[in-house]
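Subject: Structure for you to look at

Hello,

Here is the structure I said I would pass on.

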Amino acid sequence: DHPQCGVPFVPLDDEITFDDVYDSEQREYYNRLYQENGTGLLAGGISQTAQLSWHQILLPEQQNRPQELVDRYYNSSAEGLRPGVKLQVDLTAKKLVDPNEQAVQTGASAGGGEPVDGQEVSSAFVGGFVTHAFARGWIHIQSADPNEDPKFDPRYLSHPLDYEVLADLQFFNARAGATRPLSDHLQGNGTVYAGSLTSINETSVRELINTGFITGWHVVGSVPMMPRDQGGVLDTRLRVYGTRNVRVVDASIVPLHVRGNSVS
């Protein structure tokens with residue numbers, strides 16, 4: 001999956017955000033406007049997105065950080081992995097230290113904060129996700145009954161490199177919010193945060209991730225198309241190994257995650 005998190009800002013009072021849809025009258029108005037002519041609040045969404053390397057979200061004095069952290073956290077964690085998984089994470093490590101390879105996707109949206117104790121909220125988010133995560137989850141059937149849900153554990157952020165990249169992205173998101181022209185639309189020129197966040201530092205960013213992390217809903221790879229001896233489940237014709245004509249055709253066949261949003 002693509003683990004994601006974002007920095008919540010407080011927009012200026014006259015800014016229109018998606019938080020308006022929490023008001024039933026406003027929601028009906030924007031629904032009607034969109035149905036009639038395809039305009040209004042519901043005609044928009046994430047206002048911008050960018051795919052950046054790890055180096056691009058770091059300060060000039062931090063350019064050695066990707067290689068230093070990969071050297072620190074990766075080599076020991078790759079020991080004892082299955083051949084197919086080892087191949088995947090080797091490629092991921094190679095991408096992270098390459099300044100020309102994308103490692104994160106970031107974007108901005110107006111709104112998304114939930115009302116607290118019935119109070120109206122207005123928010124703007126600059127968020128994003130790690131596109132090439134190291135963590136690997138698992139999924140297993142519980143019985144022969146196809147109607148019974150499987151057990152699964154995504155193991156989000158269980159690898160320290162995923163956490164470090166996502167934390168660095170939050171510092172970048174905070175700087176982006178405090179930079180014109182975006183800061184012109186935010187209170188305190190992008191220095192006033194929504195919710196319980198009051199400042200950006202190592203402690204607050206860790207807390208932000210621990211409490212505000214969400215899935216990107218871009219899950220792939222549960223039945224990867226790879227050689228069987230490398231842990232693959234499907235052959236090159238999308239057939240399940242050991243069967244004659246059982247095929248899987250969706251995002252679960254992708255062995256190594258894609259750079260952006262998955263659609264399946």
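**The sheet**

The model contains an open sheet of 4 strands in the order β1-β4-β3-β2, and the pairing is antiparallel. Two strands pair if DSSP finds at least two bridges between them. Strands are DSSP runs of E with at least two residues, helices are runs of H or I with at least four, and both are numbered from the N terminus. β1 (4-9) and β2 (48-52) are at the edges with a single partner strand each, so one side of each has no neighbour in the sheet. From one strand to the next, the twist averages 15 degrees.

This is a predicted model, in which local features need pLDDT of at least 70 and side-chain atom pairs count only at pLDDT 80 or more, while totals for chains, interfaces and linings use all residues. Residues are numbered from 1 along each chain as its sequence is written, and side-chain values use heavy atoms, with hydrogens and water left out.

Now the pairs in turn. β1 and β4 are joined in the antiparallel sense over 6 bridges, and Cys 5 has Gly 128 in β4 as its bridge partner. β2 and β3 (residues 104-110) are also antiparallel, over 5 bridges. Thr 49 is placed opposite Gly 107 in β3.

How many of the 6 residues of β1 are buried? The number is 5, so β1 is largely enclosed by the rest of the structure. Buried means under 20% relative accessible area, exposed means over 50%, and partly exposed is in between (1.4 Å probe, protein chains only).

**The helices**

Helix α4 (residues 160-177) and helix α5 (residues 202-212) pack at an angle of about 115 degrees, and their axes are 10 Å apart. Axes are lines fitted to C-alpha atoms, for helices over the stretch in contact, and angles run from 0 to 180 degrees between N-to-C directions. α4 and α5 are therefore roughly perpendicular to each other. Angles of 65 to 115 degrees count as roughly perpendicular, those under 35 as roughly parallel, those over 145 as roughly antiparallel, and the rest as oblique.

Which residues meet there? On the α4 side they include Tyr 163, Leu 166 and Phe 171, and on the α5 side they include Val 205, Leu 208 and Ile 209. Contact means heavy atoms within 4.5 Å. Sorted by class, the contact of α4 with α5 has 7 nonpolar, 2 polar and 3 charged residues. Ala, Val, Leu, Ile, Met, Phe, Trp, Tyr, Cys and Pro count as nonpolar, Asp, Glu, Lys and Arg as charged, and the others, Gly among them, as polar.

**Two single residues**

Ser 183 is in the loop between α4 and α5. Its relative accessibility is 2%, so Ser 183 counts as buried. Ser 183 touches Gly 177, Ala 178, Asn 189 and Gly 190, leaving out residues up to four places away in sequence.

Leu 33 belongs to helix α1 (residues 24-37). The C-alpha atoms of Leu 33 and Ala 43 are separated by 9.3 Å, and the two residues are 10 apart along the chain.

**The chain as a whole**

The protein chain has 5 helices and 6 strands. Of its 264 residues, 38% are buried. The C-alpha trace spans about 60 × 50 × 30 Å along its principal axes.

Regards
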